[in-house]
Amino acid sequence: METERLLDVIEQQLGAGLVGLAIAVVADGEMAWSGGFGSLDVDRPDPITTRAVFPVHSVSKSIVATALMRWVERGAVGLDDPVNRHLGAVQVANEWEATNPVTIRQLLTHTAGLPMSLGWGSSPTLEALVGDEVCTEAEPGARLIYANWGYDVAGCLVGSRSGYPRRPSSWNFT
């Protein structure tokens with residue numbers, strides 16, 4: 001049975017140091033099998049289940065950028081559009097907004113003037129993070145700063161334009 005072979009490989013990997021994983025096998029468009037194995041984190045022994053939510057971090061950057069570029073190709077947004085024009089009620093705090101607004105291009109190229117950001121912050125949702133915590137520390141376009149918050153803002157834009165429900169903070173775009 002193929003499931004037994006898969007379980008053997010998973011057990012070998014866990015024995016070799018893999019902390020944990022969740023897996024789903026899809027056949028003919030239907031989930032045929034799923035399972036959770038190991039722990040969520042080396043420092044947290046919580047077991048992984050098939051309902052575990054994992055932060056995808058930088059893996060999501062290419063997905064967010066691709067979604068935005070599809071809208072650019074269709075003319076729905078422009079790379080040089082001020083991002084706040086498209087965010088709605090949530091806005092990026094930028095002391096240079098009147099003369100130098102943060103653009104979509106700057107978010108994608110880490111030149112938006114946002115600070116280096118390594119963690120999520122204290123906000124419970126992506127929308128709250130953007131509205132309550134994200135703010136420029138340098139004039140947009142003045143320098144390159146690897147700022148994960150830029151992709152958090154871009155992800156918030158993708159979510160709001162797509163009409164998808166707000167994501168919990170563990171689904172961040174950093």
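## The largest cavity

The largest cavity is lined by L107, H110, T111, A112, G113, L114, I145, A147 and G150. A cavity here is a set of points, on a 1 Å grid over the protein atoms alone, where a 1.4 Å probe fits but cannot get out, and lining residues have an atom within 4 Å of a point. By class, this lining comprises five nonpolar, four polar and no charged residues; Ala, Val, Leu, Ile, Met, Phe, Trp, Tyr, Cys and Pro count as nonpolar, Asp, Glu, Lys and Arg as charged, and the others, Gly among them, as polar.

The space in the largest cavity amounts to about 40 Å³, and the structure holds one cavity of 30 Å³ or more. Grid points are joined across faces, edges and corners, and the volume is the space filled by probe spheres set on the points.

## Basis of the model

The model is predicted: local features need pLDDT of at least 70 and side-chain atom pairs count only at pLDDT 80 or more, while totals for chains, interfaces and linings use all residues. Residues are numbered from 1 along each chain as its sequence is written, and side-chain values use heavy atoms, with hydrogens and water left out.

## Overall architecture

The protein contains six helices and three strands, in the order α-β-β-β-α-α-α-α-α from the N terminus. These elements are DSSP runs numbered from the N terminus (helices: H or I, at least four residues; strands: E, at least two).

Of the 174 residues, 36% are buried, a class defined by under 20% relative accessible area (1.4 Å probe, protein chains only). Among contacts (heavy atoms within 4.5 Å) with a separation of 6 or more, 58% join residues 24 or more positions apart.

## Confidence

The mean pLDDT, the predictor's confidence in each residue from 0 to 100, is 86 for the protein, and 89% of the residues score at least 70. Where pLDDT is low, the predicted coordinates should not be read in detail.

## Two buried residues

T103 lies in the loop between α3 (83-87) and α4. This residue counts as buried because its relative accessibility is 11%. Leaving aside residues up to four places away in sequence, T103 touches L79, D80, D81, P82 and V83.

G155 belongs to helix α6 (residues 148-162) and is buried, with a relative accessible area of 3%. Its C-alpha atom is separated by 8.7 Å from that of A65, 90 residues apart along the chain.

Technical notes
Buried means under 20% relative accessible area, exposed over 50%, partly exposed in between (1.4 Å probe, protein chains only). On a 1 Å grid over the protein atoms alone, a cavity is a set of points where a 1.4 Å probe fits but cannot get out, and a pocket is an open set with protein on both sides within 12 Å along at least five of seven lines; lining residues have an atom within 4 Å of a point.
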